[in-house]
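This briefing is for a reader who is new to the structure shown below.

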Amino acid sequence: MSRALALLAALAAALASCDAPPEPERRKLPAQERLEAPDWLPAGTRIDPAWWLASRRIGGPAPKDDKMIEIYRNFLVQGERQFHEEQRMIANRTVQTAQALADHGISETYDSLLDGFTSLADFTGGKLLYGQICQHYLNLRERGETRDAALEELRRAYPHAH
């Protein structure tokens with residue numbers, strides 16, 4: 001008889017679960033529609049570096065029509081031609097440099113850094129190492145140089161880059 005009771009209990013539980021509302025359908029969003037903006041864009045990521053920079057700048061997912069995405073994309077495309085690093089690494093180093101500057105009380109936007117460094121690369125006429133430029137710039141700014149003075153010093157330091 002206890003088997004019969006166990007069977008009835010299982011049947012009752014099964015029937016009761018039929019009345020439960022269905023689980024809501026979960027839509028999977030592409031990576032760049034949700035902000036899981038890591039501190040670093042890893043190799044092989046599918047996150048667009050321009051979108052990532054725009055999203056980090058506003059502190060949440062950037063809308064696809066955000067004008068900063070296009071501005072960052074233009075800088076990154078230009079930078080990829082001028083520096084040895086790819087767009088992902090240029091974006092990573094830009095964020096890293098901005099954070100290091102902020103740690104020293106110096107506020108610079110990603111686009112300000114990208115603009116300064118891409119104009120520097122234009123000036124030299126050769127490919128540069130973006131990470132090296134970022135570190136040198138950071139050292140100059142930490143030493144008390146203004147943005148313009150630091151960029152001018154970098155122009156003098158890298159006149160014949162290849």
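**Briefing on the predicted model**

Threonine 118 lies in helix α5. The structure is a predicted model. Its protein chain has seven helices and zero strands. Of the 162 residues in the protein chain, 39% are buried.

**Threonine 118**

- Threonine 118 counts as buried because its relative accessibility is 2%, and the cut-off for buried is under 20%.
- Apart from neighbours within four places in sequence, threonine 118 touches Phe75, Gln78, Gly79, Gln82 and Phe83.

**The chain as a whole**

- In sequence order, the elements of the protein chain read α-α-α-α-α-α-α.
- Taking contacts between residues at least 6 apart in sequence, 57% are between residues at least 24 apart.

**The largest nonpolar core**

- The largest nonpolar core has 38 residues.
- The members that touch the most other members are Trp52, Leu53, Tyr72, Leu114, Phe117, Tyr137 and Leu154.
- Two or more residues of this core come from each of α2 (49–58), α3 (67–82), α4 (87–103), α5 (110–124), α6 and α7.
- Tyrosine 72, one of the members that touch the most others, has contacts of its own with Ala50, Leu53, Ala54, Arg57, Tyr110, Asp111 and Leu114, leaving aside neighbours within four places in sequence.
- Leu53 and Leu114 are among these contacts of tyrosine 72, and both are also listed with the core members that touch the most others.

**Helices α2 and α4**

- The axes of α2 and α4 cross at roughly 20° and come within 9 Å.
- At that angle α2 is roughly parallel to α4, because angles under 35 degrees count as roughly parallel.
- On the α2 side the contact is formed by Pro49, Trp52, Leu53 and Arg56, and on the α4 side by Gln87, Arg88, Ala91, Asn92, Val95 and Gln99.
- Sorted by class, the contact of α2 with α4 holds five nonpolar, three polar and two charged residues.

**Helices α3 and α4**

- The axes of α3 and α4 also come within 9 Å, and they cross at roughly 110°.
- This makes α3 roughly perpendicular to α4, because angles of 65 to 115 degrees count as roughly perpendicular.
- Leu76, Val77, Gly79 and Glu80 of α3 meet Gln87, Ile90 and Ala91 of α4.
- In this contact of α3 with α4 there are four nonpolar, two polar and one charged residues.
- Gln87 and Ala91 of α4 take part in the contact with α3 and also in the contact with α2.
- Gly79 of α3 belongs to the contact with α4 and is one of the residues that touch threonine 118.

**Helices α6 and α7**

- Helix α6 covers residues 130–142 and helix α7 covers residues 147–157.
- The axes of α6 and α7 are 9 Å apart, and the packing angle is about 135°.
- The helices α6 and α7 are therefore oblique to each other.
- The crossing in which α6 passes α7 is right-handed.
- From α6, the residues in contact are Ile133, His136, Tyr137, Leu140 and Arg141, and from α7 they are Arg147, Ala150, Leu151, Glu153, Leu154 and Ala157.
- By class, this contact of α6 with α7 has seven nonpolar, one polar and three charged residues.

Technical notes
Residues numbered from 1 in each chain as written. Predicted model: local features only at pLDDT ≥ 70, side-chain atom pairs only at ≥ 80, totals over all residues. Heavy atoms only, no water. Axes fitted to C-alpha atoms, helices over the stretch in contact; angles between N-to-C directions. Helix = DSSP H or I, 4+ residues; strand = E, 2+ residues; numbered from the N terminus. Parallel < 35°, antiparallel > 145°, perpendicular 65-115°, else oblique. Left-handed = near helix turned anticlockwise from the far one by under 90°. Contact = heavy atoms within 4.5 Å. Nonpolar A, V, L, I, M, F, W, Y, C, P; charged D, E, K, R; others polar. Core = buried A, V, L, I, M, F, W, Y, C linked by side-chain atoms within 4.5 Å. Buried < 20%, exposed > 50% of the residue type's maximum accessible area, 1.4 Å probe, protein only.
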